[in-house]
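Subject: Handover of a structure

Dear colleague,

Please find below the structure that I am handing over to you. My notes on what was found in it follow directly after.

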Amino acid sequence: MPASKRRAARRGTARIGLALAGGGPLGAIYEIGALCALEEAIDGLDFSACDGYIGVSAGGFIAAGLVNGLTPRELCAAFIENDADAPVSFEPSLLLRPAWDEYLARLRSLPGLLGQALWQTAVQGRSLLAAFERLGRALPTGLLSGDVMAEQLRSQFSRPGRSDDFRQLRRPLVLVATDLDSGEAVPFGTPGYDHVPISRAVQASAALPGLFPPVEIEGRHFVDGALKKTIHASVLLDRGLDLLICLNPLVPYQAGFDEHARIPRIADGGLPLVLSQTLRALIHSRLELGLKRYELSHPDTDIVLFEPDPRDAEMFLANTFSYAQRRHLAEHAYQATRSALLQRYAKLAPKLAQQGLTLKRSVLQDHQRRLLAPSRLTPTEAALQRLRDTLGRLEERTAA
């Protein structure tokens, strides 16, 4: 271990960064559950006091809350449980509001486009295909409005002790979006881009093409930051970190890994599963390549990645925009992360100890721990939890 790391560990001053990838509402749910599990199991880790944050898409939403002093548990109370007593309020269902302004703007353009198409076909002799291409401009660029999310965040970050201004934050925050007109990644929060409100930058970073309209900022249009890279971690690594914790919610599913697998073959699930698997594979392959480059370019920084098990059918089959499942999925992510930490204990504990952090085995072996209160678990969640408890006790007896 380099001398700088040994000194940091002894002083308890290791510089820790957090990188959160995207994944839509499902990604946010997974990251909240996983962050709660990590913070509880690692003594000395405080996700609301990291030395730097970078977020892409849904990860930007979570990172913006953490840097404003909200704990993972508080984000869970607001986003997962809709707790009226939570220090922050956020109504996820508002994200499903149609983009009426976009619809109306495109509808108003239809008569002019139709006239141009008819002129090109009847007078200029152009093909019907050219006419259809012209009419394609009347199609909305997104189905759902992101303005509601930005407004909710602006309201929450304007409260005392929080800020919607990158320049007033106590710790660095970078939110990555993609400039639609150039294809370049734009790191909001860095010099030259830090005057844009955080709430607006979150909206831009999460504007998945086709689902949300591009977000206009100073005459440019921005969409989801994941179009270029999965986590853009180099922006943080260049600041000098001892440890970078990365969370990635989307992994390709390993179908047919045993005879009891819920999905024997991806193709049997039809187009939705094929597209989901394709997107996940593309995102994950870029992540793997990026992590290898980071290890070479920043050898003094320990990089630890957490993501769902590729055999986890619960996460793969979840309806990305079903908020009715969010409590079940958050509990699932919490318990799955705890299980992964226990399985990786032998390798993770020494690595974290180098940074002055302690991975607490006793916490991980406590099978009574929950993200959500037992009284608020659904019957299905309660049954799954009892199964996990039984399997955990069997595993302990087998190991003994």
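**Salt bridges**

Glu-40, Arg-73, Asp-366 and Arg-369 are joined to one another in a network of salt bridges. A salt bridge here is a side-chain nitrogen of Lys or Arg within 4 Å of a carboxyl oxygen of Asp or Glu. Please note that this is a predicted model, in which local features need pLDDT of at least 70 and side-chain atom pairs count only at pLDDT 80 or more, while totals for chains, interfaces and linings use all residues. Residues are numbered from 1 along each chain as its sequence is written, and side-chain values use heavy atoms, with hydrogens and water left out.

Helices (H or I, at least four residues) and strands (E, at least two) are DSSP runs, numbered from the N terminus. Buried means under 20% relative accessible area, exposed over 50%, and partly exposed in between (1.4 Å probe, protein chains only).

The structure holds eleven salt bridges. One of them joins Asp-51 to Arg-15, with the closest N and O atoms 3.9 Å apart. This pair, too, links distant parts of the chain: Asp-51 lies in the loop between strand E2 (42–43) and E3, Arg-15 in the loop between H1 and E1, and 36 residues separate them. Asp-51 is partly exposed at 26% relative accessibility, and Arg-15 is partly exposed at 34%. Asp-309 forms a salt bridge with Arg-311, with 3.2 Å between the closest N and O atoms. Asp-309 is partly exposed, with a relative accessible area of 35%, and Arg-311 is partly exposed at 43%. Side chains of opposite charge can pair when their charged atoms come close.

**Nonpolar residues, inside and on the surface**

Which residues have the most contacts inside the largest nonpolar core? They are Leu-18, Leu-173, Phe-188 and Leu-359, in a core of 82 residues. Helix H2 (residues 24–41) gives the most to this core, with eleven residues. A second, separate core of 18 residues includes Ala-19, Val-56, Val-174 and Leu-287. A nonpolar core is a set of buried Ala, Val, Leu, Ile, Met, Phe, Trp, Tyr and Cys residues joined through side-chain atoms within 4.5 Å.

Phe-188 touches several residues beyond four places away in sequence, among them Phe-166, Leu-173, Tyr-193, Ile-217 and Phe-222. Contact means heavy atoms within 4.5 Å.

On the surface, Leu-104, Leu-107, Leu-110, Leu-114 and Leu-118 form a nonpolar patch with about 460 Å² of accessible area together. Patches are made of residues with over 30% relative accessible area and no salt bridge, where like charges are joined within 9 Å and nonpolar side chains (Val, Leu, Ile, Met, Phe, Trp, Tyr) within 5 Å. Accessible areas come from the Shrake-Rupley method with a 1.4 Å probe, and for residues only the protein chains shown count as cover. Leu-110, which lies in helix H5 (residues 100–122), is partly exposed at 34%.

**Individual residues**

Ser-57 lies in the loop between strand E3 (52–56) and helix H3 (58–67) and is buried at 5%. His-232 lies in the loop between strand E7 (220–224) and helix H9 (234–237), and is also buried at 5%.

Thr-337, in helix H12 (residues 326–343), is buried at 4%. Leaving aside neighbours within four places in sequence, Thr-337 is in contact with Tyr-30, Ala-34, Ala-37 and Leu-38.

**Confidence**

The protein averages a pLDDT of 85, and 83% of the residues score at least 70. pLDDT is the predictor's confidence in each residue, from 0 to 100. Over residues 3–11, pLDDT stays under 50. Where pLDDT is low, the predicted coordinates should not be read in detail.

Yours sincerely
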